[in-house]
Amino acid sequence: MDRRDFLRAGVVAAGATALGGSLWRDGFAAVAGDSPYGPLRAADGNGVRLPERFRSRVVARTGQRVGTYTWHGAPDGGACFSTGDGGWVYASNSELVSGGGAGVVRFDSEGRILGGRRILSGTSSNCAGGATPWGTWLSCEETARGRVWECDPTGSRAAVVRPAMGRFVHEAAAVDTARQVVYLTEDATDGCFYRFRPTRWPDLSAGVLEVMAGSGTGVAWLRVPDPSAASTPTRMQVPGARVFRGGEGCWWARGVCWFTTKGDGRVWRYDVTAGRLDVAWSGGQPLTGVDNVVGSRSDDLFVAEDGGDMQVCVLTPEGTVAPFLQVVGHDGSEITGPAFSPDGTRLYFSSQRGTTGRSTGGVTFEVRGPFRKSTRKVPWY
């Protein structure tokens, strides 16, 4: 039973500035425009509409074997990790209330599927999360007293819970290496936006949890007295904490933390250097139902839709928003877990409930094609 069933029952072109650059520094908001990849074609045999020269394949289906691993139900947040031999794994959460956790698909250097395995068990409603630069996956539980679990994508080491990062309705996480903090979203209608400052970087076992405060574009960070939320939810412990309507995806790149809020359909841009918070997208077509996010080599931000038109839209450094892909025939589902392969040539994502509208119908896809490249010499992290 997935979380929704449970509740029912009871980037840079020539001359452009990168996402972290000055184009966005004065509250500039993106507008609907033409995609740098061109218009979407008719759906392919997998039910995916893509631009010219792009193609899709299905890499996993809920209930079917990937090697010796039976792919999990309700696939959600995801990320890719290099395996050191030219291959990679795609880690994917399972948003099941019972039997959640996370699993991976393993690929060789040519993109051939080698198998899969489970990397986290015994948890609940693992929704989104985030990759760390040191090669671990932060899997976040979307429950009232949800936790963050640090996982080894290879499965060689057991996952470790990180209680110092707070117990709340966790959604996504993004690592800021420059300031040595982890940003965290909260999926509640009166949720907050947090940052965690480890005592010893990059050890996440101890540290200080803070919540964003302030108004308008101004930002302040205040300490959460009791991250364990023993008697009071974290979001209610600090007077003046800023409220966000259902925090979702989170991504850090080049001094900027991007995150989404589904309650008002917004994409937020927090410039950590300037200490300024702006709305980069405020909802409406073509991007509705904002959810998970991931950045590309070209500094484009790819935003998945929870429902909406079942699209992944691209938000470009030039300030336009346009559809990049659309999944048809999956009207009772949502797009989850967008993540690029280490070389940036393949995009992975899932339709959480597929054509059936149930957690047993999840489908995980790969899209391959000529994704834009950056001329920058520095990586995302």
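Reply: E10 and strand E11 (residues 137-141) pair in the antiparallel sense over 4 bridges. Strands here are DSSP runs of E, at least two residues long, just as helices are runs of H or I of at least four residues, and they are numbered from the N terminus; two strands pair if DSSP finds at least two bridges between them. This is a predicted model, in which local features need pLDDT of at least 70 and side-chain atom pairs count only at pLDDT 80 or more, while totals for chains, interfaces and linings use all residues. Residues are numbered from 1 along each chain as its sequence is written, and side-chain values use heavy atoms, with hydrogens and water left out.

Me: Which residue stands opposite Ala-131 in E11?
Reply: E10 and E11 form a hairpin with 5 residues between them. In the turn, Gly-135 has a positive phi of about 90 degrees. Across the pairing, the residue opposite Ala-131 is Trp-137.

Me: How many of the 6 residues of strand E10 are buried?
Reply: Buried means under 20% relative accessible area, exposed means over 50%, and partly exposed lies in between (1.4 Å probe, protein chains only). Strand E10 (residues 126-131) is largely enclosed by the rest of the structure, because the number of its residues that are buried is 6 of the 6.

Me: How many residues does the largest nonpolar core have?
Reply: A nonpolar core is a set of buried Ala, Val, Leu, Ile, Met, Phe, Trp, Tyr and Cys residues joined through side-chain atoms within 4.5 Å. In soluble globular proteins, nonpolar side chains tend to be buried together. Val-267, Phe-302 and Leu-325 are among the residues with the most contacts inside the largest core, and its number of residues is 37.

Me: How many residues are in the second, separate core?
Reply: This core includes Cys-140, Met-165, Cys-192 and Leu-209. Its number of residues is 19.

Me: Is Asp-108 buried or exposed?
Reply: Asp-108 and Arg-112 meet through their side chains in a salt bridge (2.8 Å, N to O). A salt bridge is a side-chain nitrogen of Lys or Arg within 4 Å of a carboxyl oxygen of Asp or Glu. Arg-112 is exposed, with a relative accessible area of 52%, whereas Asp-108, at 13%, counts as buried.

Me: What is the relative accessibility of Glu-210?
Reply: The side chains of Arg-197 and Glu-210 meet in a salt bridge (3.1 Å, N to O). The pair links distant parts of the chain, with Arg-197 in strand E16 and Glu-210 in strand E17, 13 residues apart. Arg-197 counts as partly exposed at 33%. Glu-210 counts as buried, because its relative accessibility is 7%.

Me: How many residues apart in sequence are the parts tied together by Arg-254 and Asp-299?
Reply: Arg-254 forms a salt bridge with Asp-299, with the closest N and O atoms 3.0 Å apart. Arg-254 lies in the loop between E19 and strand E20, and Asp-299 in the loop between strand E23 and strand E24, so the parts tied together are apart in sequence by 45 residues.
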